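Here is a briefing on one protein chain. Look over the sequence and the model first, then read the points below.

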Amino acid sequence: MFVTFEGPDGSGKTTQIRLLAEWLRERGREVVLTREPGGTEIGDQIRAVLHDPYNTAMDARAEILLYSASRAQHVAQLIRPALAAGKIVISDRYADSTLAYQGYGRGLDLEMLRTITRFATRGLTPGLTLYLDITPEEGLQRRRLGGDEWNRLDAEALEFHQRVRAGYLELVEQEPERWAVVNAARPVEEVQVEIRAMVQARLGKETRVTKPVIARNKVTKQSPPLLMC
Ligand code: TYD
């Protein structure tokens, strides 16, 4: 199963992912934890360019192509082989970040971004995406207090982050069956309990309905078949 976590900066994804992975492993599941941009050696080199606070001259199109290049490598080298081996892959961000940040945040054409993303991922779509929701004000405040790595996008204006959040909420509305929304402005333990219940429900369904795990093709008018994992 392919699970992704999305959310505004400072929503606590990293901590929640770590706790979820520990819990799944205790239950005998093989889990691969990864993140975007990055996840592979090549991806990490691209990540360094993307996050360099001195790269203020980066063109929005160059930015999307770099995220997509990192993603293509990630899918080909790490995610697909792990899924094929029956592992649970949990990624801290994936293609929805591109739609939220470059699409809703920067104003790039969403259909064009979807096309680039399909090319980069060959249509690999998560089976479950957990959206950790928090206001940009609270999220950025948490990052400052937590002393996390401060990246080029954190430095964007508050309105940018507000557009990103509104974008995420729109994405959730468009595909409610894939997304699960969690209110992240609560204590870590409370959020984790909810996340575990959502993952458990999905794993249960997978075992009942689709075992052995099979790709489920979803066809829409404009898009080629997507591989749901
Ligand atoms: P990171 O330091 O991993 O932060 P976080 O803990 O919030 O995930 O930085 C990832 C940053 O990259 C984050 O600001 C979102 C941004 N991003 C995009 O703009 N587009 C993308 O496609 C991806 C994967 C990330």
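Helices (H or I, at least four residues) and strands (E, at least two) are DSSP runs, numbered from the N terminus. The model is a predicted one. The protein chain holds eight helices and eight strands. Of its 229 residues, 39% are buried.

**Contacts and core**

- Take the contacts in the protein chain with a separation of 6 or more: 79% of them join residues 24 or more positions apart.
- The largest nonpolar core has 42 residues.
- Val-3, Ala-100, Leu-130, Leu-132 and Val-182 touch the most other members of that core.
- Leu-130 is in contact with Phe-5, Ala-180, Val-182, Ile-195 and Met-198, leaving aside neighbours within four places in sequence.

- H2 covers residues 41–51, and its buried residues are Gly-43, Ile-46, Arg-47 and Leu-50.
- Viewed down the axis of H2, these buried residues fall within an arc of 110°, so they line one face of the helix.
- Glu-41 and Ala-48 are exposed, on the other side of H2.
- The packing partner of the buried residues of H2 is helix H3 (60–84).

**Helix H3 against helix H4**

- H4 spans residues 95–105; its axis and that of H3 come within 10 Å and cross at roughly 170°.
- H3 is therefore roughly antiparallel to H4, as the crossing angle is over 145 degrees.
- H3 brings Ala-60, Glu-63, Ile-64, Tyr-67 and Arg-71 to the contact, and H4 brings Ala-95, Thr-98 and Gln-102.
- By class, the contact of H3 with H4 has four nonpolar, two polar and two charged residues.

**How H4 is covered**

- Is H4 mostly covered or mostly uncovered? H4 is mostly covered, with eleven of its eleven residues buried.
- The buried residues of H4 include Asp-96, Leu-99, Tyr-101 and Tyr-104.
- Elements that cover the buried residues of H4 include strand S1 (2–6), H3, helix H5 (110–121), strand S5 (128–133) and helix H7 (158–174).
- Gly-107 follows H4 and has a positive phi, near 85°.

**Ser-97, a residue of H4**

- Ser-97 lies in helix H4.
- Ser-97 is buried, because 24 other C-beta atoms lie within 10 Å and the cut-off for buried is 20 or more.
- Leaving aside neighbours within four places in sequence, Ser-97 is in contact with Glu-6 and Glu-36.
- Ser-97 and Tyr-168 are 71 residues apart along the chain, with their C-alpha atoms separated by 8.4 Å.

**Backbone exceptions**

- Most residues other than glycine have a negative phi, and most peptide bonds are trans.
- Which residues does a cis peptide bond join? Glu-36 and Pro-37 are joined by a cis peptide bond, with omega about -15°.
- Pro-37 sits in the loop between strand S2 (31–35) and H2.
- Arg-93 is not a glycine, yet its phi is positive, about 80°.
- The loop between strand S3 (88–92) and H4 holds Arg-93.
- Arg-93 counts as buried because it has 22 C-beta neighbours inside 10 Å.
- Arg-122 is not a glycine either, and its phi is positive, about 50°.
- Arg-122 is found in the loop between H5 and strand S4 (124–125).
- Is Arg-122 buried or partly exposed? Arg-122 counts as partly exposed, because it has 13 C-beta neighbours inside 10 Å, and a residue is exposed at 12 or fewer and buried at 20 or more.

**Pro-136 in helix H6**

- Pro-136 lies in helix H6, which covers residues 136–146.
- Pro-136 counts as buried, with 21 C-beta neighbours inside 10 Å.
- Not counting residues up to four places away in sequence, Pro-136 touches Pro-8, Leu-158, His-161, Gln-162 and Arg-165.
- Pro-136 and Arg-165 are 29 residues apart in sequence, and 7.4 Å apart in space, C-alpha to C-alpha.

Terms used. Residues are numbered from 1 along each chain as its sequence is written. This is a predicted model: local features need pLDDT of at least 70, side-chain atom pairs count only at pLDDT 80 or more; totals for chains, interfaces and linings use all residues. The arc is that of the directions from the helix axis to the C-beta atoms. Two residues are in contact if their C-beta atoms, placed from the backbone, lie within 7 Å. Axes are lines fitted to C-alpha atoms, for helices over the stretch in contact, and angles run from 0 to 180 degrees between N-to-C directions. Angles under 35 degrees count as roughly parallel, over 145 as roughly antiparallel, 65 to 115 as roughly perpendicular and the rest as oblique. Ala, Val, Leu, Ile, Met, Phe, Trp, Tyr, Cys and Pro count as nonpolar, Asp, Glu, Lys and Arg as charged, and the others, Gly among them, as polar. A nonpolar core is a set of buried Ala, Val, Leu, Ile, Met, Phe, Trp, Tyr and Cys residues joined through C-beta atoms within 7 Å.
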